[in-house]
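Please keep the sequence and the model in view while reading.

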Amino acid sequence: MIDDAIKIVKEYKGKKLRIMEVCGTHTHEIFKQGVRQLLSEDIDLISGPGCPVCVTQVDYIDEAVMLALEKNVTICSFGDLLKVPGTKYSLSAARGQGAKVQVVYAPLDAVKYAKEHPDEEVVFLSVGFETTVPSSCIALQLAIKEGVKNFSLLTANKTMPVAYRAMKNACDCYLYPGHVHAIIGTGLCEELRDNEGISGVVAGFTPKELVTAIAVAVTKLQEEKPFFVNCYPRVVKPEGSPAAVKLIYEYMESSDEEWRGLGTMPGSGLKLKDKYSEYDARIKFAIPPMHGHGNPACRCASVLKGEIKPYECPCFGKICTPEHAVGACMVSDEGACSAWYLYGGLDLK
Amino acid sequence: MNDVITMAHGAGGKQTNELIDKVFKEYFSNPLFTGDDAAVMEAPKGRIAMSTDGFIVSPRFFPGGNIGKLSICGTVNDLSCMGAKPLYLTCAFVIEEGLEIEELRRIAEAMKKTADEVGVRIVAGDTKVAGKGQVDGVFITTTGVGEIMEGVNTSGTLAKDGDVVITTGDIGRHGCTILLQRDDYGIDAEVESDCAPLWNLVKESLDAVPEIHVIRDATRGGVGTVLYEIAGQSNVGVEINYDDIPVKEEVKGVCGLLGLEPLYLANEGTLVMIVPEEKKDILLDTLHKNKYGKGAAVIGRITSDHQGYVVSNTQLGVKTILPQPGNELLPRIC
């Protein structure tokens, strides 16, 4: 069966097909497994805005840096975020200026840290999609239960539905992120197909699952009518995970969120509900509005919208490398620029 | 004798002698380890190899070994990679004030046991004590001299087009073990360091196949880094078959959770060997007979294509570049 799928993606000839892999983990696996080398020249894979680090706005980093340097707050964060450039400093550079920044591997570790350091104010950087927000909520749940008052969240959570609508002209079909739909289910995909003519397939993460999903997309696209196929049924159920969704909306509500490259999109984020405002770092520390800006030469925005390939950015590989990232897409392993940089240096046939 | 190390133990006086007598002499005593300023030995007849390495691993005790065992294995294995029988070692300790002497004893005991396994003798040592907080527990530096086997010539510059790449066991276990010892990850997995002295394995291999071109200890940076080094030194390309690389399921699982690549995790008892194609079966048979070589496997080959790069054949039958090692947030591992 995998041979059939490989044959389909290799031998396709015809109208150029633009398929967007939304998820950063997909981007990484596609490069690691060499999926691109299999594809016919008439199939173009576009890396979309599904790496949470990549779409994190400059202002958000500036907020975290400000908390650390000016309010003497201890920042707890996933490691990836440390190297994302802010207007003046990344969190990693802020550390050199005396900022206290702890790398944690789960939000619960930030609560644990706060409990063990009652003299410090601890802020966890809650950045992620529907996949990681539940773990932030669990951390908050624990902090409330145990009365950990020196813990709060600085949120920049994003949700996918609005982004799918906003990006629909950038591609002919989405490879929907398997992990996100394991949480939110597939009802949305059917709705997008029926009401807005947006096509897509949910894809898993093994090489076989990825190639199979692309082959299904290629086959369906030739029928020239909107479609949706769940190619990852072993994990993604139509109803998703109601428990995780319930947990998210117990603590969070929909918000207007700025995405790097895409601007502010109404209803595209998740912020804490008012009743939990004492755990909302923006309110707790009265953070003023930020007006940050990135390096003007950086074209992450165009990369995220699929308008250019990473190597078409003037910074790529010159002033912007994984060691010294100028743009967010070069920071995370899941970013499109990082993947092109690490895997794309050689023409392998 | 006090049960913890004090600054007086490093002052060179009575207590220093007491420490040497009661801890180190008990384990390291041999006719060559005298009270004189330097050890005096007969020079070997052939060429010699010499190597030195410092060890600052945290934690000092881990499943599969401790800093003492590691400090012997590291230098023994470096000498072995040059085809040199390890003859003599020196060791220098920098000990933190307050370290329990019992712990030092356990470290010295592990050093003796490991040295005895391959017949290397510890002929000189040094002990310094640093103030509390100036070092972390104990740092050990070992230096070794070995006699190179006749007719053997191994070097990272000697890999040739068509040669076969072998690892002598499953990879990534030491790095994975040390990572898991940190509380930060909250992951429990049954992984044990591969830390082992490999001279006997290397000797048997070279006795069977003197033509081995390259032997490398895949320590810090792992097999991936070693392969990139060899590709650069020999001006060749390396092609690996990703699915043939032996990795324990537990290590795979941990790497999956933490987003790590086993090829870049440290090993302390696993070597990379590069050998002419026609000799690979004899070498594999030989390796499989040694307890440290049971997991040996062919993982790839040397090619004249894509010089300087390591390329991986994936499950999909296509080639991708193995990304070069980057800067990761890892604890000290050796």
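This is a predicted model: local features need pLDDT of at least 70, side-chain atom pairs count only at pLDDT 80 or more; totals for chains, interfaces and linings use all residues.

Strands of a sheet pair through backbone hydrogen bonds, either parallel or antiparallel. A parallel pairing is found between β4(B) and β5(B), where nine bridges are formed. Here B:Ile95 has B:Val129 in β5(B) as its bridge partner.

Strand β6(B) also runs antiparallel to β1(B), to which eight bridges join it. In this pair, B:Met50 faces its opposite number in β6(B), B:Val145. Together these strands form an open sheet of four strands in the order β1-β6-β4-β5 of chain B, with mixed pairing. Because β1 (48-55) and β5 (121-130) of chain B stand at the edges with a single partner strand each, one side of each is left without a neighbour in the sheet. On average, and with direction ignored, neighbouring strands of this sheet are turned by 15° against each other.

A helix accompanies the sheet. Helix α3(B) lies across β4, β5 and β6 (138-148) of chain B, and runs at about 175° to β4(B).

## A residue of strand β4(B)

Strand β4 of chain B contains B:Glu96. Is this residue buried, exposed or partly exposed? B:Glu96 is partly exposed, because 18 other C-beta atoms lie within 10 Å, while a buried residue would need 20 or more.

If residues up to four places away in sequence are not counted, B:Glu96 touches B:Ala130, B:Lys132, B:Gln134, B:Val135, B:Asp136, B:Gly137 and B:Val138. B:His174 lies 78 residues from B:Glu96 in sequence, and the two are 25 Å apart in space, C-alpha to C-alpha.

## Two domains in chain B

Chain B is divided into domain 1 (7-148) and domain 2 (164-321). The contact between them takes 22 residues from domain 1 of chain B and 22 residues from domain 2 of chain B. The C-alpha centres of the two domains of chain B lie 27 Å apart.

Which elements supply the side of domain 1 of chain B that touches domain 2 of chain B? At least two residues each come from α2 (67-81), β4 (84-96) and α3 (101-118) of chain B. Helix α2(B) gives the largest share of this side, 10 residues. The residues of this side of domain 1 of chain B divide into 11 nonpolar, seven polar and four charged.

## The three-stranded sheet of chain A

Chain A has an open sheet of three strands in the order β7-β12-β11, with antiparallel pairing. Its edge strands are β7 (157-158) and β11 (252-259) of chain A, each of which pairs on one side only. Strand β12 (residues 263-272) of chain A is joined to β11(A) by seven bridges, and the two run antiparallel. In this pair, A:Met252 stands opposite A:Leu272 in β12(A).

The largest nonpolar core has 124 residues, and A:Val9, A:Ile19 and A:Ile75 touch the most other members. Helix α11 (residues 207-221) of chain A gives the most to this core, with nine residues. The contacts of A:Ile19, apart from residues up to four places away in sequence, include A:Ile43, A:Leu45, A:Cys171, A:Leu175, A:Ile214 and A:Ala217. A second, separate core of 94 residues includes B:Cys91, B:Phe93, B:Leu104 and B:Met111.

In helix α6 (residues 107-116) of chain A, the residues A:Pro107, A:Ala110, A:Val111, A:Lys112 and A:Ala114 are buried. The buried residues of α6(A) pack against β3 (74-77), β5 (122-126), α7 (133-145) and β6 (151-155) of chain A.

## A residue of helix α10(A)

Helix α10 (residues 187-196) of chain A holds A:Arg193. This residue is partly exposed, because 17 other C-beta atoms lie within 10 Å. With residues up to four places away in sequence left out, A:Arg193 touches A:Ile198, A:Ser199, A:Pro226, A:Phe227 and A:Phe228. A:Val236 is 43 residues from A:Arg193 along the chain, and their C-alpha atoms are separated by 18 Å.

How values were computed:
Residues are numbered from 1 along each chain as its sequence is written. Chains are lettered from A and ligands numbered from 1 in the order in which they are written. Two strands pair if DSSP finds at least two bridges between them. Domain bounds come from an automatic or database domain assignment. Two residues are in contact if their C-beta atoms, placed from the backbone, lie within 7 Å. Ala, Val, Leu, Ile, Met, Phe, Trp, Tyr, Cys and Pro count as nonpolar, Asp, Glu, Lys and Arg as charged, and the others, Gly among them, as polar. Axes are lines fitted to C-alpha atoms, for helices over the stretch in contact, and angles run from 0 to 180 degrees between N-to-C directions. A residue is buried if 20 or more other C-beta atoms lie within 10 Å of its own, exposed if 12 or fewer, and partly exposed in between; C-beta atoms are placed from the backbone. A nonpolar core is a set of buried Ala, Val, Leu, Ile, Met, Phe, Trp, Tyr and Cys residues joined through C-beta atoms within 7 Å.
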